[in-house]
Amino acid sequence: MLENIRIILVGTSHPGNIGSAARAMKTMGLSQLMLVAPRVEPDGKSVALAAGAVDVLKNIKTVPTLEAAIADCALVIGTSARRRGLDWPQLDAREAGEKLALEGRGGPVALVFGRENHGLTNEELQLCHFHVNIPANPEYSSLNLAQAVQLLCYEVRMKHLSLLARPEPEEAYPNGEQLEGFYRHLESALSHTGFIRKNHPGQVMAKLRRLFNRARPEAQELNILRGILTSIEKTDTSNKE
């Protein structure tokens, strides 16, 4: 069950943080660590700070983009230390741990951490279904990367332990690749009908992403939505003919 939960570090700049994150993960039973466009590679300092979690380091996968890292994930939760211009569905640490543990029973899910100095970009956060914020002391909220990983992995483990005797979930959610295909299809259809103007697209797609991420359509529901888009495109073409 925990093997489906992927910890993703984006743009990591300190090798020690990679090792410390691996240690934090292993103490909670998690082992899937992925790096997105890291500025440094794991080294001797990573091994030293992993303190016995070398197996996690050895199995690290590195990819160039966050899209590639979450392509097969049905749930993606991104960490954010502050609210952004466009509000996104928010979770606290316990809620995030519960969702990851629950949906991790059915397939890959991801918890994404950003760069040490400025976190995730707005574009990266828009690839996530939810954002999670750790409500640290506002007068001193200086959590380092490994501490944040430890805290959220703990919440995952606590929910995981409570689920061991429960049946597997039946619903299936689309993965990241399928969702991105839907968003491309949606943008194409809306551009085709003239709803989105290429010269002045505004924030329509960002707001629609927020809407569908909040709604969490299941795989069958997403197929219905894509069928509707295809129908709209065909009707619009027929009318023009």
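In what order do the strands of the open sheet come, and is their pairing parallel or antiparallel?

Guide: This is a predicted model, in which local features need pLDDT of at least 70, side-chain atom pairs count only at pLDDT 80 or more, and totals for chains, interfaces and linings use all residues. Residues are numbered from 1 along each chain as its sequence is written, and side-chain values use heavy atoms, with hydrogens and water left out.

The open sheet has seven strands in the order β3-β2-β1-β6-β4-β7-β5, and the pairing is parallel. At the edges stand β3 (61-63) and β5 (90-91), each with pairing on one side only. Strands here are DSSP runs of E with at least two residues, helices are runs of H or I with at least four, and both are numbered from the N terminus. Two strands pair if DSSP finds at least two bridges between them.

Take β1, residues 5-10. Strand β2 (residues 32-36) pairs with β1 in the parallel sense, over five bridges. Here V10 has V36 of β2 as its bridge partner. Strand β6 (residues 109-113) also runs parallel to β1, joined to β1 by five bridges. In that pairing L9 stands opposite F113.

How well covered is β1? Six of its six residues are buried. Buried means under 20% relative accessible area, exposed means over 50%, and partly exposed is in between (1.4 Å probe, protein chains only). In a regular strand the side chains alternate between the two faces of the sheet. In β1, I5, I7 and L9 lie on one side, R6, I8 and V10 on the other. Both faces are covered, and all of these residues are buried.

L91 has V132 as its bridge partner in β7.

Next, the rings. The structure holds two aromatic pairs. Rings of Phe, Tyr and Trp (its six-membered ring) pair if their centres lie within 6.5 Å; planes under 30 degrees apart are stacked, over 60 edge-to-face, and the rest tilted. F182 and Y183 form a tilted pair, 5.5 Å centre to centre with 50° between the planes. Both of these residues, F182 and Y183, are buried. F182 also pairs with F212, edge-to-face, at 5.0 Å centre to centre and 85° between the planes. This second pair links distant parts of the chain: F182 is in helix α8 (residues 176-193), F212 is in helix α9 (residues 204-215), and they are 30 residues apart. F182 counts as buried because its relative accessible area is 2%. F212 has 17%, so it is buried too. Together, the ring pairs link F182, Y183 and F212 into a cluster.

R216 is not a glycine, yet its phi is positive, about 50°. Its relative accessible area is 9%, so R216 is buried. R216 also lies over the face of Y173, at 4.2 Å from the ring centre. The test for a charge over a ring is NZ of Lys or CZ of Arg within 6 Å of the ring centre and within 35 degrees of the ring normal.

Another positive phi, near 50°, belongs to A51, also a residue other than glycine. A51 sits in the loop between α2 (44-50) and α3 (54-58). Its relative accessibility is 47%, so A51 counts as partly exposed.
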